[in-house]
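Dear colleague,

Please read them alongside the coordinates.

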Amino acid sequence: MDSVRYIGVDDVTIDLFENQYRVPEGVSYNSYLILDEKTAVLDTVDKRAGEEWEENLLRELSGRSVDYLVLHHLEPDHAGSIKRLVERFPDVVLVGNAKTFQMLPQFFHFEGKTLTVKEGDCLSLGEHELRFLLAPMVHWPEVMLSYESKEKILFSADAFGKFGAIAKTADDEWACEARRYYFNIVGKYGPAVQTVLKKASALDISAIYPLHGPILRDNLGYYLGLYQTWSSYQPEDRGVLIAVASIHGNTMEAAQSLAELLRAAGEEKVVVSDLARVDMAEAVEDAFRYDRVVLAAASYDGGVFPCMQEFLNHLKSKMYQNRTVGLVENGSWGPTAGKVMRSLLETMKDVSILEPQVTIRSTLKSTDLPALKQLADALLAAAR
Ligand code: FEO
């Protein structure tokens, strides 16, 4: 009989995770139960899913009570049902670190029993033992992971999470929605993830149990390798993202021409993304995925067309860095987009801007093609 049970919930009714990320396939709030001499629940779920989660918990407990509730992360998608558990099992001991209990009253008034753990502390449940690894800023400052030594499980909190309800996405490739999740939610905190990866490398891990998405059991080197690439801000794939902010379609036409030039020259992966329509989180994901990006934007109100401004704001806040960028601007009078995009890029670490910057006036003309060709050549030469 398995001692470690999944008691999480798939949420397929949510439209925007964190009220900002589109999740057409839903999302899972993972929660686990360890049954041993003592019982431990590892994280709760969003209160949206509290009722179903409680049913799962009671079914798996089969009449036992809960001795410990381990709080790896206090964000409401995981801590939203603590109250529900405490009301049903008032003798439960809440397990967290100093920061957990500093933050807990901000969410929830609790006067019951707590156990404060530090890095490396262990909690014995009988045959199973949890060792705690602090992981500050692997999303929030109070985050911690735990390692269960009998089954060799790493409970990884938000790390190795993925969008998508588990039942709906069981056959999907993991990396696609895991990458969109990583860069948009954890992407800013690469150095913190690197620290955790270092701690994980010292452990003998047979499975990773994250707080969203499927449990990872096989080929763990693949997942750990992607996290190493992503958290060190290295491009994952050779390719060019052309991110376009076009008002009437003329800047898009220039972007498509550039894409054709690149493809004709043998560039295999060229993605053209219409920032006015695309899922912005996916454009952000692609910017991090590929080694080169082209920003093609119309000028607007003495600046840059708003969806490009928004895209660059997202990149800046997610610590975009270590990439090569080309610029295409459009302006019918006094073009300003290039200057604004350049000034934002110059605030980012190790972003090199290619020459020439291409300026088109209102519409793409045959006289613009030599400059576009020069930019295409520069992009090809900059491939890693
Ligand atoms: Fe899944 Fe940072 O919460």
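In these notes, buried means under 20% relative accessible area, exposed over 50%, and partly exposed in between, with a 1.4 Å probe and protein chains only. The model is a predicted one, in which local features need pLDDT of at least 70 and side-chain atom pairs count only at pLDDT 80 or more, while totals for chains, interfaces and linings use all residues. Residues are numbered from 1 along each chain as its sequence is written, and side-chain values use heavy atoms, with hydrogens and water left out.

Searching the whole structure gives 22 aromatic pairs, where rings of Phe, Tyr and Trp (its six-membered ring) pair if their centres lie within 6.5 Å, and planes under 30 degrees apart count as stacked, over 60 as edge-to-face and the rest as tilted. In one of them, the ring centres of Tyr21 and Phe163 are 6.0 Å apart with the planes at 40°, so this pair is tilted. Because Tyr21 lies in strand E4 (residues 21-22) and Phe163 in the loop between strand E14 (153-155) and helix H5 (174-186), the pair ties together parts that are 142 residues apart in sequence; helices (H or I, at least four residues) and strands (E, at least two) are DSSP runs numbered from the N terminus. Tyr21 and Phe163 are both buried.

A further pair, Tyr32 with Tyr209, has ring centres 5.0 Å apart and planes at 50°, so it is tilted. This pair links distant parts of the chain, with Tyr32 in strand E6 (residues 32-35) and Tyr209 in strand E15 (residues 207-209), 177 residues apart. Tyr32 is buried at 1% relative accessibility, and Tyr209 is buried with a relative accessible area of 6%.

Ring pairs also link a cluster, whose members include Phe160, Trp174 and Tyr223. Leu216, in the loop between E15 and helix H7 (220-231), touches Phe160, Trp174, Ser206, Ala207, Ile208 and Tyr223, not counting residues up to four places away in sequence, where contact means heavy atoms within 4.5 Å.
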